[in-house]
Amino acid sequence: MTINWQQEAEKLEPQLLSDLTTLLKINSERDTDHQTKAYPLGPGPAKALEAFLTIAERDGFKTFNVDNVAGRIELGSGDEIFGLFGHVDVVPAGPGWQTDPFVPVIKDGKIYGRGTSDDKGPSIAAYYALKLIRDLGLPINKKIHFIIGTDEESEWVGIHRYLETQPAPDFGFSPDAEFPIINGEKGIASFKIDQKPIAAAPAELTLTNFSAGIRPNMVPQVATATITGDLPETFATQATAWADEAGVKLTLTLGNPTTIEVVGKGAHAQEPKDGKNAGTYLANLLADLPFDPAGKAYLLMVAKYLHNDSRGKLLGINYTDKLMGELTASPDIFTFTQDGEQSVLVNVRYPQGTDADTIRDQIETTLGADKVTVSISGHAQGPHYVPGDDPLVKTLLQTFTDHTGIPGHEQVIGGGTYGRIIKRGVAFGAQMPGQENVMHQANEYMPIKDIITAVAIYADAISRLVK
Ligand code: ZN
Ligand code: ZN
């Protein structure tokens, strides 16, 4: 039987858009301020999960809810389990929207709303692909488990709970990235550099406070320093000229204390070059001034070893793997007070061939064990790679090419997707090559034709993998 997948997918558009709208209307950002026993991540993520499972039950699928933090839609039977990994939580809407982020709007063939491209749109496409395979009565010789997480954007609580209590799929993909495929992901680890105490001594200036950054995986957009003492008279003029040249915004509030704010450009930590790190820029501006010993040491460390060093060369951790590419380093949280913490958190994405312990040792050696202690902060995730000759990768790339005429190729990224939760897991779609990436941004959208094409590609690919 030859199936016109595209034509079959197009028939599903009205119902698909109606179901997607139902999901988009639920604000499902992690909201632990309102957590209850029934809603450990807040009501939003659980309600979005419930709505998704209700859609599947309406269509006659068997479903399973794991403590309101993850769920499963089932199809088929067999010894092996093929998995799909989507998520229904979203990042906060944030400012800058032209429409209500939770009232989906269709304009010029695009559907706008938080979660349209990450990941409610691609997840509903994968769901309709399953429905299409079932409704066409195609052969299925494996169990298919479509696993839905509710906390992909933060701690992965849901997917971890799922894997602790439910059988892990043998192979599968996450519809939560881009085509043609993501079959490799770098390791991810954050390193906390704590400056050791330095005895105070009289100085013209005291750095009373220095702070930048809000998340360990984001290049800081804003940095602030508070200073007591008299700055050199020429400082204001020099600082303004410096800011112009550096391309950052400077706000200087002279007085005692003086506050200085620098606004750079935020970015995802997986490519620090896309941003302008306000923290390292501000330290660079201040490092030559006559500060107290602790303040001076802190500013010099940041200016000398962390400024404009996206590949970690100055830190001595740079590493390149032929397959997975370069290590990246992004100093993302800066904390300095005179009597309290004096630290920098550096987020590192590393290829195979090095590891978190080695990187920790290297940072400490470069900065000096007498001056700092370096520790791995939180849980480090190792690199993940499914070889290009794995039948999973080959089948997905071939299906993509058959549908689009675009040659497929392997891709390794610095980000982390659910693809990495099993050994033979990858990410596959649904963003098309050349399409702008609007995930996590204001006015997030997804072209409706891309959702429909994703249904066709997913249905064909899954059908090839489970028959
Ligand atoms: Zn996602
Ligand atoms: Zn996301």
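Predicted model: local features only at pLDDT ≥ 70, side-chain atom pairs only at ≥ 80, totals over all residues.
Trainee: Let's start with the metal. Which residues coordinate the zinc ion (ligand 2)?
Mentor: Asp118 (OD), Glu153 (OE), Glu153 (OE) and His440 (NE2), at 2.0 to 2.6 Å.

Trainee: And what are the angles like among its 4 donor atoms?
Mentor: They run from 55 to 145°, and the site is irregular.

Trainee: How are the donors spaced along the chain?
Mentor: The spacing is D-x34-E-x286-H. Asp118 and His440 are 322 residues apart, so to speak at two distant parts of the chain. Asp118 is in the loop between β5 (110–112) and α4 (120–135), while His440 is in the loop between β25 (430–431) and β26 (445–447).

Trainee: Is Asp118 buried or exposed?
Mentor: Buried, because its relative accessible area is 5%, and the cut-off is under 20%.

Trainee: What about His440, buried or partly exposed?
Mentor: His440 counts as partly exposed, with 40% relative accessibility.

Trainee: How far apart are the zinc ion (ligand 2) and the zinc ion (ligand 1)?
Mentor: They are 3.4 Å apart, and Asp118 coordinates both.

Trainee: Switching to the largest nonpolar core. Which residues touch the most other members?
Mentor: Phe428, Tyr458 and Ile462, in a core of 66 residues. Helix α11 (residues 448–466) gives the most to this core, with 13 residues.

Trainee: What does Tyr458 touch, beyond residues up to four places away in sequence?
Mentor: Quite a list, including Pro122, Ala125, Phe173, Phe179 and Phe428.

Trainee: What's in the second, separate core?
Mentor: That one has 52 residues, among them Ala223, Ala239, Leu286 and Tyr305.

Trainee: Now sheets. What is the strand order in the open sheet with β9?
Mentor: The order is β22-β9-β23, 3 strands with mixed pairing.

Trainee: Why is one side of β22 and of β23 left without a neighbour in the sheet?
Mentor: β22 (384–385) and β23 (412–413) stand at the edges and have a single partner strand each, so each has one side without a neighbour in the sheet.

Trainee: In which sense do β9 and β23 pair?
Mentor: Parallel, over 2 bridges. Glu185 has Ile413 in β23 as its bridge partner.

Trainee: Last one, Glu74. Where is it found, and is it buried or exposed?
Mentor: Glu74 is in strand β2 (residues 70–75). It counts as buried because its relative accessibility is 17%.

Trainee: Which side chain does the Glu74 side chain make a polar contact with?
Mentor: The side chain of Arg72, at 3.0 Å.

Methods:
Residues numbered from 1 in each chain as written. Chains lettered and ligands numbered in written order. Heavy atoms only, no water. Helix = DSSP H or I, 4+ residues; strand = E, 2+ residues; numbered from the N terminus. Buried < 20%, exposed > 50% of the residue type's maximum accessible area, 1.4 Å probe, protein only. Polar contact = N/O pair within 3.5 Å; in protein donor to acceptor, adjacent residues only side chain to side chain. Donors = N, O, S within 2.8 Å, 3.2 Å for Na, K, Ca; no water. Tetrahedral: all angles 85-135°; square planar, octahedral: opposite > 155°, others 65-115°. Core = buried A, V, L, I, M, F, W, Y, C linked by side-chain atoms within 4.5 Å. Contact = heavy atoms within 4.5 Å. Pairing = 2+ DSSP bridges.
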